[in-house]
Structures are given as structure tokens and as C-alpha cells.
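Please open the model in a viewer and keep the selection panel at hand.

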Amino acid sequence: MRLNPFGGPRRTERANAVVTGAGSGIGRAFATELARRGGRVVCADIDLDRAIETAHQITVSGGTALEVECDVRAVEQVEDLADTAEDWFGEPPAVVINNAGIGRGGEVIGEAPLEQWHQVLDVNLWGVVHGCHVFAPRLRAVGRGAIVNTASAAAFGTAPRMGAYNVSKAGVLALSETLSAELAGTGVTVTALCPTAVRTDILRDASIADPTTARLGDAMLRWTGRSPDTIARTTLDAVDHGRLYVVPQVEAKLIWQSKRLLPTPYTQVAGLLERLMR
């Protein structure tokens, strides 16, 4: 077993893990990488068929996985997920990855329908809130574990015409920071993943009302997109080192630093560039 820098076993090695949104994209990559590291994985997704596909991929590769249907918008279903996982593992999970999310955007604030705000916040923010609310006390009670919340560089990049998505991911980042402080000294760590473009189906599945915004998203995937497998490995390695933030791409780091050093010019330039591209 590999050791972490503090001399103990790596948290993600042979870890019993729960992954939401495991039916595709980053969630599937997390599930398969955790299985590759020797762990048993509960693959949860709102689409049971996709969860079954992920679990099947793991089992045919020699791993151990269980598929579970779960709509993270419903806290009762997240509680059922936690109970199912604990029964299957015989103990609380060692790693919980709150990853389920959707993409929406293309309209400015005031024109984007409130229904879109509710859809995005219900999944992207409340889904993670539910995951933390249900699993954090269980991990705290046993004094060990790791929680990973999938946020986004959108949490601090705040591109125009992505208001609901930006707000949902900023909320996930603040939630992760708060939970990390509350769990300090308990043996449970929190990690927030903040990537830019990742080659997943989120844009294909997303509802982007504005064609220009959709084209820009496609261009980012082509120019800077990284594979979900790479993102998963990088994030799990960061969990092993006890890191709070994972900002895996160069452009994400540039955005992170620019926003903090020059916040007002950053937002003004971002808005002007977006209008010039139309």
C-alpha cells in the first residue's frame, strides 16, 4: 500500500466509495479509478441504466461495484443511498464523491427563466448539500474519510450568460470550504474540484439557449479540454495529500489568480470579450 506524505495509508487506496453522477463523464471516471485502486464502489446515478453500465465496466475489469438509482435532488433518496452503501460495505464509506450535475445557460440574468435557476440549483447545489448533510455525520462518527465535491472553475470564473451554473458551483465551493473548517481535526477531509473544460457529455446533455455560448463551450472542449480519467486521477491524488482545492488546468489557475489580483478589471474584460464575440 502506498503511503501519503504524513506516513499513513493513502485514503483512496482500497477505499469503499460512493460516487453520485457515476453514469457518465467525471463520475464514471472517478468510479473506475477508485476501483482500479482496489476499492469497492457504489455507482449512483439518476439514470439507472447508465449506473449499471459503469458498474458492469468495473466488474468486467476485475473490480467490485454496485449500481444504485438516486436522484440527489431528493434528500430521502440520498439517505437511502447512504444506507444501501453502508449495508453493502458493512461500514460507512471511506470516500464520498458528490459529483452529479447538469449544465444550463445562454441567457443573461433577468432573461434566463427562473425555472432554469431552480433546475440547476436543485441538482448542482442542493444535490451536493444533500450529500454533505447525509454523509458528513457518518464519516465524522467513525473519525475518518474524505468528501469530494465537484465544483467548477465557473465558481470563480463567472462567465456571462451562465448565471445559474456559476452560482451553483460557487455555492459548492463555499460549502466545501465551510465543511472543511467544520471537519478540521476529525480525520475527515474535504476536497473541491474546480476544472474548466472536461471532455464529457455535459455540453451535449446541457440546455444552452444561446448558439454563441454553445459554440464557445465546444471550442473550449476542443482547445483545452482534458479527459475525465486524467481529472479523476489528479483529484484522487490530491485527496491522498489532504488538499482542499483541485484546480487542475493551467487556464483554470490563470483565471483563479487573475480574479483575485484584479477582480474588477477581470469581470469588465470578461463581459467585453463576450460581447465582442457575438
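A cavity is a set of grid points where a 1.4 Å probe fits but cannot get out, and its lining residues have an atom within 4 Å of a point. The model on display is predicted.

**First selection: the cavity**

The model holds 1 cavity of 30 Å³ or more, and the volume of the largest cavity is about 50 Å³. To display its lining, select Thr20, Val72, Val78, Leu81, Asn98, Asn99, Ala100, Gly127, Val128, Gly131 and Phe135. Two elements, α3 (75-89) and α4 (114-142), each give two or more residues to this lining. Which element provides the largest share of the lining? That element is α4, with 4 residues. Colouring the lining by class shows 6 nonpolar residues, 5 polar residues and no charged ones.

Keep Phe135, one of the residues that line the cavity, and display its contacts. Apart from neighbours within four places in sequence, Phe135 is in contact with Val18, Val78, Leu81, Ala82, Pro93 and Val96. Of these partners, Val78 and Leu81 also belong to the cavity lining.

In soluble globular proteins, nonpolar side chains tend to be buried together. The largest nonpolar core in this model has 37 residues, and those touching the most other members are Val18, Val42, Leu81, Phe135, Ile147, Phe156 and Leu179. At least two residues of this core come from each of β2 (40-45), α3, α4, α5 (154-157), α6 (163-182), β7 (188-193) and α10 (250-261). The largest share, 8 residues, is supplied by α4. Next, select Phe30, Ala35, Ile231 and Ala238, which are among the 27 residues of a second, separate core.

Move to Thr158, which lies in the loop between α5 and α6. Although Thr158 is not a glycine, its phi is positive, at about 45°. Is Thr158 buried, exposed or partly exposed? Thr158 counts as partly exposed because its relative accessibility is 32%, and the partly exposed class runs between under 20% for buried and over 50% for exposed.

Arg161 is found in the loop between α5 and α6 as well. Arg161, also a residue other than glycine, has a positive phi near 70°. With a relative accessible area of 21%, Arg161 is partly exposed.

Methods: Residues numbered from 1 in each chain as written. Predicted model: local features only at pLDDT ≥ 70, side-chain atom pairs only at ≥ 80, totals over all residues. Heavy atoms only, no water. 1 Å grid on protein atoms, 1.4 Å probe; cavity = no way out; pocket = protein on both sides within 12 Å on 5 of 7 lines; lining within 4 Å. Points joined across faces, edges and corners; volume = space filled by probe spheres on them. Nonpolar A, V, L, I, M, F, W, Y, C, P; charged D, E, K, R; others polar. Core = buried A, V, L, I, M, F, W, Y, C linked by side-chain atoms within 4.5 Å. Buried < 20%, exposed > 50% of the residue type's maximum accessible area, 1.4 Å probe, protein only. Contact = heavy atoms within 4.5 Å.
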